[in-house]
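Hello,

Here is the structure you asked to look at. Please open it first, then read my notes below.

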There are 2 protein chains.
Amino acid sequence: MRTVEAILEAMHERGCRVTGPRRVIVEFVLEQCEPFSAEDVFRALRRVQQTIGRATVFRTLDLLAELGVVERVHHPSGTHRYVVSSDGHRHHVVCIRCGRVAEFSGCNLEPILASIADQTRFRILDHWLELSGLCQTCQGETMAVSR
Amino acid sequence: MRTVEAILEAMHERGCRVTGPRRVIVEFVLEQCEPFSAEDVFRALRRVQQTIGRATVFRTLDLLAELGVVERVHHPSGTHRYVVSSDGHRHHVVCIRCGRVAEFSGCNLEPILASIADQTRFRILDHWLELSGLCQTCQGETMAVSR
DNA sequence: GATTAGTTGATACTGAGTATCATAAGGAGC
DNA sequence: GCTCCTTATGATACTCAGTATCAACTAATC
Ligand SMILES: [Mn+2]
Ligand SMILES: [Mn+2]
Ligand SMILES: [Zn+2]
Ligand SMILES: [Zn+2]
């Protein structure tokens, strides 16, 4: 897992400047273990540092996505959510009840992708796999409540 | 592949009314072989039937998604696109250059999903797999232009 | 410390999608 | 075909996420 300093250093190496707002946003983002929206970040940081601008939040999240620090995940509402990404290629399972997210590795889609490339004549460059279901906690509660 | 009449009949059986606007929208939608936005539908139909309302287009696309006639696919811009779905469970590959879409069947994710359920303790209820790459045509053109 | 290019945030804007509501029209039953 | 009731429509106004603009500011390099 990456540290605030390492991420700011990566920004610096990229030719970006290390600013107050960027530092605060990175600190906040690294604390999140559930997916969050740009608005979540904005509202939370406004309480800490009243001057921060909405546009800066969007811009910094774009930058963090480019750096691979966060990943954009799709939300059915059509708006973007972000999750802090571990190192390496990962995917997510989202709990449809409480919003909890679990990562998993080793998606091993390669054989499937090869067969699809064959079937469709496309050259597959990227894939996006998102799963949804019930986390362990919510499996129990759903049974208790609705059965 | 479903016909306009079969879809309108399905609406009727569901307790919905078969109206002029719905008929026109269904006719238009079934002609599409690439993903389209609600706005695409609205603009195209305005030329044919000036009175059609934007809200009706959104509402009818919602209805068609519920009926399984179209599927919502995610567009990186964050807005929704729709594709006409064939029968059965399918997924899509989108060409990042020309927007062409190919469907494929037999995703056979079950073994992978089982291992993920095991790994994360989630009960997996749904999956969403979207691939992107280059269609056969664009593979040729990309090489011709950029190499 | 002076210089300069990148960054910020206030403001205004865009564009997708939704809420409202008076009016229009489908369809079941007669 | 006509009645009656319920659903659907579309004009309008609105919300909300995200973006463009731009003058003021500031991090980094020398
Ligand atoms: Mn993967
Ligand atoms: Mn599948
Ligand atoms: Zn849960
Ligand atoms: Zn293509």
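Thr120(A) sits in helix 5 of chain A, which covers residues 110-120. Is Thr120(A) buried or exposed? Its relative accessible area is 12%, so Thr120(A) counts as buried, the cut-off being under 20%. Which residues does Thr120(A) touch, leaving aside neighbours within four places in sequence? They are Val93(B), Ala102(B), Glu103(B) and Phe104(B). Please keep in mind that this is a predicted model.

Now the contact between the two chains. Chain A gives 40 residues to the contact, and chain B gives 40 residues. The buried area between them is about 3300 Å². Carbon and sulfur atoms give 64% of that area. On the side of chain B, Phe122(B), Arg123(B) and Trp128(B) lose the most area to chain A. Together they make up 20% of what that side buries.

How many salt bridges cross the interface of chain B and chain A? The rule finds 0. Polar contacts between chain B and chain A come to 4 residue pairs, with both residues at pLDDT 80 or more. Several elements of chain B give two or more residues to the side that touches chain A, among them strand 3 (91-95), strand 4 (101-104) and helix 6 (136-146). Strand 5 of chain B gives the most, with 12 residues. By class, this side of chain B has 21 nonpolar, 13 polar and 6 charged residues.

Next, chain A as a whole. Chain A has 6 helices and 5 strands. From the N terminus, their order is α-α-α-α-β-β-β-β-α-β-α. Chain A has 147 residues, and 39% of them count as buried. Take the contacts in chain A between residues at least 6 apart in sequence: 48% of these join residues at least 24 apart.

Look at the hairpins too. In chain A, strand 1 (residues 70-74) and strand 2 (residues 80-84) pair in the antiparallel sense over 5 bridges. Glu71(A) stands opposite Val83(A) there. The hairpin has 5 residues between the strands, and Gly78(A) takes a positive phi near 100°. In chain B, strand 1 and strand 2 form a hairpin with 5 residues between them. Gly78(B) in the turn has a positive phi of about 100°. The bridge partner of Arg72(B) in strand 2 of chain B is Tyr82(B).

Last, salt bridges. Arg14(A) and Glu66(A) form one of them, at 3.2 Å from N to O. Arg14(A) is in the loop between helix 1 and helix 2 of chain A, and Glu66(A) is in helix 4, so the pair ties together parts 52 residues apart in sequence. Arg14(A) is partly exposed at 43% relative accessibility, and Glu66(A) is exposed at 56%.

Another salt bridge joins Arg43(A) and Glu39(A), with the closest N and O atoms 3.8 Å apart. These two lie 4 residues apart in helix 3 of chain A, so about one helical turn separates them.

In chain B, Asp62(B) forms a salt bridge with Arg72(B) at 3.3 Å. Asp62(B) is in helix 4 and Arg72(B) in strand 1 of chain B, 10 residues apart.

Best wishes

Notes
Residues are numbered from 1 along each chain as its sequence is written. Chains are lettered from A and ligands numbered from 1 in the order in which they are written. This is a predicted model: local features need pLDDT of at least 70, side-chain atom pairs count only at pLDDT 80 or more; totals for chains, interfaces and linings use all residues. Side-chain values use heavy atoms; hydrogens and water are left out. Contact means heavy atoms within 4.5 Å. Buried area is the accessible area (1.4 Å probe) that two parts lose on being put together, summed over both. A salt bridge is a side-chain nitrogen of Lys or Arg within 4 Å of a carboxyl oxygen of Asp or Glu. A polar contact is a pair of N or O atoms within 3.5 Å; within protein, one must be able to donate a hydrogen and the other to accept it, and residues adjacent in sequence count only if both atoms are side-chain atoms. Ala, Val, Leu, Ile, Met, Phe, Trp, Tyr, Cys and Pro count as nonpolar, Asp, Glu, Lys and Arg as charged, and the others, Gly among them, as polar. Buried means under 20% relative accessible area, exposed over 50%, partly exposed in between (1.4 Å probe, protein chains only). Two strands pair if DSSP finds at least two bridges between them.
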